[in-house]
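Q: Let us read this model feature by feature. Please give me the general idea, then the case at hand.

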Amino acid sequence: MQADTALSQAVRDRVLPSSRLKGEANVLVMPNLDSANIAYTMTMVMADALPVGPILIGAAKPAHILTPAVTTRGIVNMTAVSVAEAQGDGQAEALDSLSAMGQI
């Protein structure tokens with residue numbers, strides 16, 4: 001599926017009328033790192049966006065990556081994401097411990 005079809009319900013309805021997908025895509029899979037970097041940078045510039053990431057998911061633990069071009073604000077944002085994830089992991093472990101002890 002091409003990006004315009006993935007990002008636009010109207011285009012998808014016209015191009016793929018039998019598709020069961022609804023709404024806009026929230027994940028785009030790129031064929032290689034070069035095309036992903038082009039799309040990422042172009043989207044960031046066109047939207048005048050402040051990116052946070054990249055964050056690798058799917059492994060046992062998340063990985064947070066800071067590129068050489070990261071700004072101070074980018075470091076602060078990634079730190080905030082890391083702290084939030086660490087707090088979530090700590091809360092999950094605490095709940096597991098309480099559950100094992102029959103406290104909850």
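Q: How many residues does H3 have, and how far does H3 reach from its first C-alpha to its last?
A: Helices and strands are DSSP runs (H or I, at least four residues, for helices; E, at least two, for strands), numbered from the N terminus. The expected span of a helix is 1.5 Å times one less than its number of residues. In this predicted model, local features need pLDDT of at least 70 and side-chain atom pairs pLDDT 80 or more, while totals for chains, interfaces and linings use all residues. Residues are numbered from 1 along each chain as its sequence is written, and side-chain values use heavy atoms, without hydrogens and water. H3 has 14 residues and reaches 20 Å, close to the 20 Å expected at 1.5 Å a residue.

Q: Which residue caps the N-terminal end of H3?
A: Look for a polar contact: a pair of N or O atoms within 3.5 Å. Within protein, one atom must be able to donate a hydrogen and the other to accept it, and residues adjacent in sequence count only if both atoms are side-chain atoms. Here the cap is asparagine 32. One of its side-chain oxygens lies 3.2 Å from the backbone nitrogen of aspartate 34.

Q: What follows H3?
A: Most residues other than glycine have a negative phi. Aspartate 48 follows H3 with a positive phi, near 50 degrees, although aspartate 48 is not a glycine. Aspartate 48 sits in the loop between H3 and strand S1 (55-56).

Q: Is aspartate 48 buried or exposed?
A: Buried means under 20% relative accessible area, exposed over 50%, and partly exposed in between (1.4 Å probe, protein chains only). Aspartate 48 counts as exposed because its relative accessibility is 73%.

Q: How do the elements of the chain run from the N terminus on?
A: The order is α-α-α-β-β-α. That gives 4 helices and 2 strands.

Q: Where does asparagine 77 lie, and which residues does asparagine 77 touch?
A: A contact means heavy atoms within 4.5 Å. Asparagine 77 is in helix H4 (residues 72-100). Its relative accessibility is 13%, so asparagine 77 counts as buried. Not counting residues up to four places away in sequence, asparagine 77 touches Leu50 and Val52.

Q: Which residues does valine 11 touch?
A: Valine 11 belongs to helix H2. Leaving out residues up to four places away in sequence, valine 11 touches Asp4, Thr5 and Leu16. At 17% relative accessibility, valine 11 counts as buried.

Q: What does lysine 22 touch?
A: Lysine 22 lies in the loop between H2 and H3. Lysine 22 touches Gln9 and Arg12, not counting residues up to four places away in sequence. Lysine 22 and glutamine 9 are 13 residues apart in sequence and 6.7 Å apart in space, C-alpha to C-alpha.
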